[in-house]
Amino acid sequence: MATTETPGPARPAEPSGGVHAPGRAAIAARHLRTDRWWLAPAVTATVLTVFVVYSTWRAFANADYYAAPYISPYYSPCIATDCVNMRGGADLQIFGPWWGLSPALLVLIFPLGFRLTCYYYRKAYYRGFWAAPPACAVAEPHGKYTGETRFPLILQNVHRYFFYFALVFAVILTYDAALGFRDAAGHWGHMGLGTVVLLVNVALIWVYTLSCHSCRHIIGGRLKNFSKHPVRYRMWGWVGRLTAHHMALAWGSLVMVAVADLYVYLVASGAFADPTFF
Amino acid sequence: MTRVERHTYDVVVVGAGGAGLRAAIEAREQGLRTAVICKSLFGKAHTVMAEGGIAASMGNANPHDNWQVHFRDTMRGGKFLNHWRMAELHAKEAPDRVWELETWGALFDRTKDGRISQRNFGGHEYARLAHVGDRTGLELIRTLQQKIVSLQQEDHARCGDYEDRLRVFQECTVTRVLKDEETFRAEGGRGGRVAGVFGYVRESGRFFVIEAPAVVLATGGIGKSFKVTSNSWEYTGDGHALALLAGAPLINMEFVQFHPTGMVWPPSVKGILVTESVRGDGGVLRNSDGKRFMFDYIPDVFKEKYAQSEEEADGWYADPENHRRPPELLPRDEVARAINSEVKAGRGSPHGGVFLDVSTRLPAEEIKRRLPSMHHQFKELADVDITAEPMEVGPTCHYVMGGVDVDPDSAAATGVPGLFAAGEVAGGMHGSNRLGGNSLSDLLVFGRRAGLHAAEYAAELDDDRPRVSAEQVDTAAAEALRPFSVEGGEPGAPGVPAENPYALHQELQQTMNDLVGIIRRAGEMSEALHRLGSLRERSRSAGVEGHRQFNPGWHLAIDLRNMLLVSECVARAALERTESRGGHTRDDYPEMDRRWRKTNLVCELADRSGELAAVDPSAGQIRLSRRDMPPIRGDLLALFEKDELLKYLTDEELGT
Amino acid sequence: MSAAPAPKAADGSAAYIGRFKVWRGDADGGELKDFEVEVNEGEVVLDIIHRLQATQAHDLAVRWNCKAGKCGSCSAEINGQPRLMCMTRMSVFAPDETVTVTPMRAFPVVRDLVTDVSFNYTKAREIPSFVPPPGVGLGEYRMRQEDVGRSQEFRKCIECFLCQNTCHVVRDHEENKAAFAGPRFLMRIAELDMHPLDAAEEAGLDRKSAAQDEHGLGYCNITKCCTEVCPENIKITDNALIPLKERAVDRKYDPLVWLGNRIRRR
Ligand code: SF4
Ligand code: SF4
Ligand code: FES
Ligand code: FES
């Protein structure tokens, strides 16, 4: 279904606007690109759709998210009383028993908001789902466009607050991954495939989070004179090098989060036994 | 009378490169209403192609540097044929002109302590070129462009009109400088004050007249008369020709600089410049035997200043105090001739150049940082990775030292009140050969002076303004429209077929390249003059199809007049000067001759009325004469060792 | 045309006859015209256009200057992709491929491949210029390389206006032209805001808020087409637009910064 989201040349453009506005070169075609420009938005839309569908199912499932010692990143921190007991894990029981829904819904809002307002994902879904634009120099199908100048899209500007929360989440997930070195009974000195999965996941979360454009700005980008802040300048340089790969990191960590959750699900539901290394 | 758009300004600047924009800024800052006319879009001028830097003795890299050293280098580079006063003003004022750019927002590369970084260049004793990577010209143009915008914003804030006192007429070509009706008649169509310019809008083909008592020519060079050139299509010698036609003389036209390193492959980019900074930053020239051949070509006058061995040369990059410079950094004329000889001797590269190698001299990262646009250019256009393999380079026509004869202080053209010239179109400053980096500083120093004095001249006139006669406008319009109604009529019509302007242009380029190129012979130049004569005749029947709206065929047909005039100047002057000096090398007179040193060759229109049609085609349109240069001021001569002066100046010049 | 025999060019390298569609016309209308032209080794699209001019269509209008990707005059769309004609090598196309060349499609056409780019000059004028620091004389400017590096990247811009042409905000919505400066000029604001000595703030000019309020920064939805087409490989979106958005957030949407400023102003 996702591919139909990307409008092919089939959808009629406003005959009077855009590239057909009066005065511009009279060319009937909405674009003359001969390459497979539709491929990237189609893939983007497909993968994102699959991810959203999978995550929605898992977030509402409220089951199979803890397979000691591993917790699914979707359910961490677990802050409702009906969370399964995680033995030293990040389950805080802030929300009382009145909360009848899945505890994942309480926390997922933050990573979701972080990714939804991420400068890269914005590009991805504006292109993939909104077709604004579908690809460069390919006319978009909308008659009007105001971008991020007004509600609700002006809210994209809150991205940096989600970044702050994302840091907190990264710390919690690191804690979760560390707990992966305990065995099911809570004794240290264990390592299974699940440990590796959680480690890789949290590593990707960290680099993705640190490669955030808001992070780059806060670390040093906002300065006028780097020479007066040599340490921040150095850090800005490092972050900048990560930021250059923000897209790859965004995809990598997106897929990895789902994989980590799936792994916990498989182990928790008994479909798969976690191979232990020691 | 022809229907034309009319405007009135105080100062008109023709050309929007470095010199033109600097002149316009100055005139506007003097409070005068100023117009700038350029053939391209605003900000596209050929100055953007300048890569290396702006020479100015700021002394940031080497504290020993000062204007005297810069003056000496300039005179040596020009083989003492420079107008000493221009070289002096240039050396003295260049630092201020560069610093001024910073106050307008330019961002040069910096030294460790935050000042403007300066780099080495051929012929400059110290590291002297302010630069931004290898795109200094772009920075210069953009800064001036943005300064103009900021002046316009001031006017807008003051009166609501951006163009109140400074307006850019882009994509317009000037075809004639107009003269004052009264003085023009009174002097029998000879002299007369400047009254404005006539031209056409490229986009629409419509004619316009801008009335103005002062006109600054800043049109750049003539490279498009040559086949292999680093110059853009704009460089058709317009300003040179406009000055001639207005009755002003040109000097030094025999001196054409061939830049030693242009691309030679692939054919479609042949001639595109490879910046001298490649050599300044460590690049070396090798022939097909792998030999660094420049050591064999150090002329006597430069023997003491240049390294004799590779070790010594290599030591210089790190420690210039205790080593002599590598011979790759000799002035451009020397390097170009050396490359030419190597190729002729059969030691060239596969595509008829030599190898310029920086890949074995610097780490790849460093090359990309210091020479980003060279890296980009070779990668994109020739599929060559300069961090891994050598470039192939050969000489390319780059710059004309000759130009309008001007007063050094005011940049006023000789003999035509109200006409000024600055930048490449002006002659004298660079003598027989220009040093790299001196052109950008020349643009700024003399651009400003031209703007200043044009403004003063215009302001002093008060109500005594010249007037443009309808008759002149009609003549100019008729001349511009000729290509649409040439003898032979429409292409394909019976009778003589119209000449294709593109074909004529190609023949002209071939002629100049082959016969008046880097190495010259009397016989060939006579032949060139002969061919130019017949080309001129044929150009009168250059016809075009289509209409006047953005018609490049028509534009070229009009530009041909200028290229032919200027080419004739070059050929005539080159034939006359029986010695080799700087950008003028005679196979039949290979030595520099001290007796020629103080002589300028002056080109003027044979028929001063400016009516080209009346001239017998076989006789040519240019009259050549000799003129002595003013003696160099004593305190400036004293900056040189007597031994050195003896190589250039005659005994009696020194004796007194 | 793939069957066309490959004649040898003068220097012995392979040449072939290529098929081209070039848009010809003016504001009143026009169409893609077919041409068959010789193509030689190492040539770029601009060479072909010049050959057309010299041999088949003397009045074909095209802008160009440097033929080395330095002046930004020869912008056009080649097979629908905004590009510089002088930097598009013919070798990227298969010999039997028809190459389509049209003028830029976001600006009014003048004739053939030439468009009216005055939109850009209008926008350039609306960006407040560099404000020199008061009291710093000629030759007294001190700036570290690391402080000028960011703005220097943006000053590599050759003003080809390909980014302005490709940006969907104005390409697909003529009505947004009034409110939106376009990537090139938003980048100019970023350049000045990052200039270590720009004294706009002292002069009471807030470039960050102005970018948002007056120059339409909010219209940009960071879809990066400007970056994709920039021939100078300037990271317009990552290095100029997003940082500028973040700077605007500092000013307009960050309560901590807002509070801090209030307190400091007291
Ligand atoms: S990133 Fe912004 S400015 Fe650049 S093309 Fe996209 S919408 Fe336009
Ligand atoms: S930013 Fe890049 S694409 Fe835009 S005008 Fe400048 S050089 Fe061209
Ligand atoms: S997470 Fe993508 S930009 Fe902040
Ligand atoms: S001609 Fe200058 S960029 Fe193409």
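Helices (H or I, at least four residues) and strands (E, at least two) are taken here as DSSP runs, numbered from the N terminus. The structure is a predicted model, in which local features need pLDDT of at least 70 and side-chain atom pairs count only at pLDDT 80 or more, while totals for chains, interfaces and linings use all residues. Residues are numbered from 1 along each chain as its sequence is written, chains are lettered from A and ligands numbered from 1 in the order in which they are written, and side-chain values use heavy atoms, with hydrogens and water left out.

The confidence of the prediction was examined through pLDDT, the predictor's confidence in each residue, from 0 to 100. Chain A averages a pLDDT of 91, and 94% of the residues score at least 70. Over residues 1–15 of chain A, however, the pLDDT is below 50, and this stretch has 25 contacts (heavy atoms within 4.5 Å) in the model beyond near neighbours in sequence. For chain B the mean pLDDT is 91, with 95% of its residues at 70 or more. Residues 488–494 of chain B stay under 50, and the model gives them 5 contacts beyond four places in sequence. Where pLDDT is low, the predicted coordinates should not be read in detail.

Chain B contains 19 helices and 20 strands. Its C-alpha atoms fill a box of roughly 70 × 60 × 55 Å along the principal axes. The radius of gyration, taken over C-alpha atoms, can be compared with a globule rule of 2.2 Å times the number of residues to the power 0.38. For 656 residues a compact globule would have a value near 26 Å, and the 24 Å of chain B agrees with this. Of the 656 residues of chain B, 68% count as buried, where buried means under 20% relative accessible area, exposed over 50% and partly exposed in between (1.4 Å probe, protein chains only). Among contacts in chain B between residues at least 6 apart in sequence, 74% join residues at least 24 apart. The accessible surface of the chain, from the Shrake-Rupley method with a 1.4 Å probe, comes to about 20900 Å², and 48% of this area belongs to carbon and sulfur atoms.

Of the 2 pairs of chains in contact, chains B and C share the most contacts. No contact joins chain A and chain B, and their closest C-alpha atoms lie 10 Å apart. Helix H1 (residues 45–55) of chain C is largely enclosed by the rest of the structure, because 9 of its 11 residues are buried. The cover over the buried residues of H1(C) includes helix H14 (501–515) and helix H16 (552–576) of chain B, together with strands E1 (15–26), E2 (29–40), E3 (75–78) and E5 (98–102) of chain C. In helix H2 (residues 118–126) of chain C, the buried residues are C:Phe119, C:Asn120, C:Tyr121, C:Lys123 and C:Ala124. These residues of H2(C) pack against helix H4 (136–159) and strand E7 (166–170) of chain B, and against helices H4 (162–166), H5 and H6 (183–194) of chain C.

The surroundings of the ligands were defined by residues with a heavy atom within 4 Å. Around ligand 1 there are 13 residues, of which C:Cys167, C:Cys220, C:Thr223, C:Lys224 and C:Cys226 come nearest. Helices H5 (168–171), H8 (225–229) and H9 (236–252) of chain C each supply at least two residues of this shell. By class, the shell around ligand 1 has 8 nonpolar, 4 polar and 1 charged residues; Ala, Val, Leu, Ile, Met, Phe, Trp, Tyr, Cys and Pro count as nonpolar, Asp, Glu, Lys and Arg as charged, and the others, Gly among them, as polar. The residues around ligand 2 include C:Cys157, C:Cys160, C:Cys163 and C:Cys230, as well as C:Glu159 and C:Arg184. The shell around ligand 2 has 9 nonpolar, no polar and 2 charged residues.

Several local backbone features were also noted. In chain A, the peptide bond from A:Ala68 to A:Pro69 is cis, with omega near 5°, and A:Pro69 is found in the loop between strands E1 (66–67) and E2 (70–71). A cis peptide bond also joins A:Ser76 and A:Pro77, with omega about -5°. B:Asn252, a residue other than glycine, has a positive phi near 60°, and B:Asn252 counts as buried at 0% relative accessibility.
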